[in-house]
Amino acid sequence: MASHQNRLQTIFIRYRTFYTALILLLTSIVSGCQQIQKVISADQPMKQVICSDEKRVLKFGFYAYFAPVSYSAEADPSSNKFNTHRGYEADLLTALETMKTLGLSFSRRAIAEWPDIWLKAADPEYDIIGGGITILDSRTRNATGTPIIAFTSGHIKFRQSLLVRAEDAEQLSNYATLTHDVRVGVLSGTTGEARLLEITGIVDVNGVLVEGTHIETPQGTVITDGTPDYTITAAGASVNLADRRHLYPASENMPQVIYLGAEAGESELLDALAEGSIDAIARGEIGNRDATYADAAFVVTALDDQIEYGGFTLAVEDVELIACIDKGLGYLTDDGNIGYGEWLQDPMVFITRAEMWNAGKR
């Protein structure tokens with residue numbers, strides 16, 4: 001019996017010694033990690049959090065022609081009202097400025113050209129970029145593939161659609177009805193273009209055009225060979241397709257794609273649809289719905305099932321500033337429960353929320 005007790009005592013001592021050593025080892029590792037973290041923090045200090053009572057004026061660039069989401073009071077760049085911001089995003093920014101403790105203020109400047117507008121947030125002349133920009137990881141990188149900008153959280157929902165003349169609504173009710181004799185107008189470099197090409201099978205999921213697609217450019221007609229040398233996505237296109245004018249599909253079950261509106265927003269597309277030189281416009285539902293309010297001759301068809309989210313872009317290193325803006329956006333939109341539809345019904349909805357914030361009713 002005594003021998004058995006001695007063996008148990010010996011085993012207990014050995015296990016206690018083992019666990020004591022293990023605890024000391026883990027403590028040493030944690031302590032070492034903390035020291036390493038201190039060194040990293042000392043060598044790479046984070047930017048100071050920008051949420052404060054002291055206003056910082058941010059240089060905000062916005063796309064001038066995306067009514068009613070974000071647009072200029074005057075379409076002419078030479079007008080003194082060209083830099084006057086209007087629309088959903090304009091009111092959202094004003095509400096952010098109204099919120100005390102965020103310390104945000106925006107000096108606004110209109111941008112007439114859409115391609116790669118989101119990357120301008122990395123330029124010294126801008127701090128933040130907006131204009132109904134869909135959040136895509138592919139849009140965060142420059143031509144070399146280096147991430148240079150980051151998005152805020154999404155503050156607006158988008159989905160793609162077709163805008164057609166009322167008399168063509170039944171004939172062009174969905175994307176499957178878009179055959180080779182149908183001419184669809186788009187703005188290049190948009191999700192409207194990218195989703196149209198993908199849904200109709202003109203490109204694959206990576207944006208590679210199917211073999212045999214003919215594309216007119218100022219340099220001549222390009223014929224695709226089915227390789228990544230001929231690619232179109234919402235983040236950009238191959239250099240040989242950058243200034244595309246007209247796309248003729250490789251199959252009779254795909255539509256023609258016509259590119260207009262590069263300089264004057266989408267007004268050229270609307271004029272072309274009204275005149276009959278194109279049969280449909282592929283773009284977001286919000287813009288298309290707005291066009292039907294202005295002209296009863298147009299109707300919206302072919303609503304896409306895929307939901308997209310729009311946000312603002314900032315330089316990738318502005319982590320703390322993005323977090324501050326997200327804090328304000330989250331409150332103003334009630335974490336996504338208040339958006340474009342609510343603003344359309346009550347344009348003061350965001351200002352009202354900002355005043356609630358200031359009154360401490362959070």
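Predicted model: local features only at pLDDT ≥ 70, side-chain atom pairs only at ≥ 80, totals over all residues.
**View 1**

**View 2. The elements and residue classes that line the second largest pocket.**
Two or more lining residues are given by each of β8 (156-158), α5 (285-294) and α7 (340-345). Among the contributors to this pocket, α5 supplies the largest share of the lining, which amounts to 5 residues. When the lining residues of the second largest pocket are sorted by class, 9 are nonpolar, 7 are polar and 6 are charged.

**View 3. The largest cavity and the residues nearest its centre.**
A search of the whole structure for cavities of 30 Å³ or more finds 1, and the space inside the largest cavity comes to about 270 Å³. The lining of this cavity consists of 26 residues, and F66, T190, T191, E266 and G284 are the ones that lie nearest its centre.

**View 4. The elements and residue classes that line the largest cavity.**
At least two lining residues come from each of the strands β2 (65-66), β6 (128-134), β10 (183-186) and β17 (280-284), and likewise from each of the helices α3 (191-199) and α5. The element that gives the most to the lining of the largest cavity is β17, with 4 residues. Sorted by class, the lining of the largest cavity contains 12 nonpolar, 9 polar and 5 charged residues.

Definitions and conventions. Residues numbered from 1 in each chain as written. Heavy atoms only, no water. Nonpolar A, V, L, I, M, F, W, Y, C, P; charged D, E, K, R; others polar. 1 Å grid on protein atoms, 1.4 Å probe; cavity = no way out; pocket = protein on both sides within 12 Å on 5 of 7 lines; lining within 4 Å. Points joined across faces, edges and corners; volume = space filled by probe spheres on them.
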